Amino acid sequence: MRAGYPGCCCAPCSSYVLEYLSQYFEITVFYYNPNISPKEEYEKRVEEQRRLIEALPSVHPIRLEAGPYEPERFYQASRGHEQDPEGGERCFSCYRLRLEEAARIAQRGEYDYFTTTLTISPLKNAEKLKLATVETAKEAERGIVDIETLKATNESLISTLDEVM
């Protein structure tokens, strides 16, 4: 069984992705969101992620690894972009920070793949996230799971089977 390591931003955005990917992978969810504050809110979101995972129907196991609460890393990464609008360079710095941390831990844990659930959010720039994920995966020498490609491949396989049968 291949092991996947998605970085998750929140329980709601991860629900579909985790249920879908659990059909193909053993998953360890990495919750790391250094732009969330205060610490109590961060911990509340970790617990929501844990609650979702426990309630989610999954084919293969899903585990949770909560990253440390490190708002100072977000402040450092976003320095100079404090006045940027939502969706601006500050967001892209945060995406990169989170992807690099997920890739680093995926590499240490010898996971086959890593990805992010951030692309599901209608509030995020999915194209920029995909580009950053691909760049980070190449740097970390890890494969990525692109859910759209996986879904298209799955649909193609089902279509072929339907035609044959």
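This is a predicted model: local features need pLDDT of at least 70, side-chain atom pairs count only at pLDDT 80 or more; totals for chains, interfaces and linings use all residues.
## Reading the fold

In total, the protein chain has six helices and five strands.

How much of the chain is buried? Of its 165 residues, 42% count as buried. Now look at contacts between residues at least 6 apart in sequence: 70% of them join residues at least 24 apart.

## Helices α1 and α2

Let's begin with α1, which spans residues 11-21. The axes of α1 and α2 are 10 Å apart, and the two helices pack at an angle of about 30°. Angles under 35 degrees count as roughly parallel, so α1 is roughly parallel to α2. Their crossing is right-handed.

Which residues of α1 and α2 meet? From α1 come A11, S14, S15 and L18, and from α2 come E48, Q49, L52 and I53. Sorted by class, this contact has four nonpolar, three polar and one charged residues.

Most peptide bonds are trans. The bond from S37 to P38, however, is cis, with an omega near 5°. To find P38 in the structure, look in the loop between β2 (26-31) and α2 (39-55).

## Helices α3 and α4

The next pair is α3 (residues 71-78) and α4 (residues 89-108), whose axes come within 9 Å and cross at roughly 130°. That angle makes α3 oblique to α4.

On the α3 side, R73, F74, A77 and S78 make the contact, while α4 contributes R90, S93, C94, L97 and E101. By class, four of these residues are nonpolar, two are polar and three are charged.

## The buried side of α3

Which residues of α3 are buried? They are P71, F74 and S78. These residues cover an arc of only 55° around the axis, so they lie on the same side of α3.

Finally, step just past the end of the helix. Most residues other than glycine have a negative phi. Just after α3, G80 takes a positive phi of about 90°.

Technical notes:
Residues are numbered from 1 along each chain as its sequence is written. Side-chain values use heavy atoms; hydrogens and water are left out. Axes are lines fitted to C-alpha atoms, for helices over the stretch in contact, and angles run from 0 to 180 degrees between N-to-C directions. Helices (H or I, at least four residues) and strands (E, at least two) are DSSP runs, numbered from the N terminus. Angles under 35 degrees count as roughly parallel, over 145 as roughly antiparallel, 65 to 115 as roughly perpendicular and the rest as oblique. Contact means heavy atoms within 4.5 Å. Ala, Val, Leu, Ile, Met, Phe, Trp, Tyr, Cys and Pro count as nonpolar, Asp, Glu, Lys and Arg as charged, and the others, Gly among them, as polar. Buried means under 20% relative accessible area, exposed over 50%, partly exposed in between (1.4 Å probe, protein chains only). The arc is that of the directions from the helix axis to the C-beta atoms. A crossing is left-handed if the near helix is turned anticlockwise from the far one by less than a right angle, and right-handed if clockwise.
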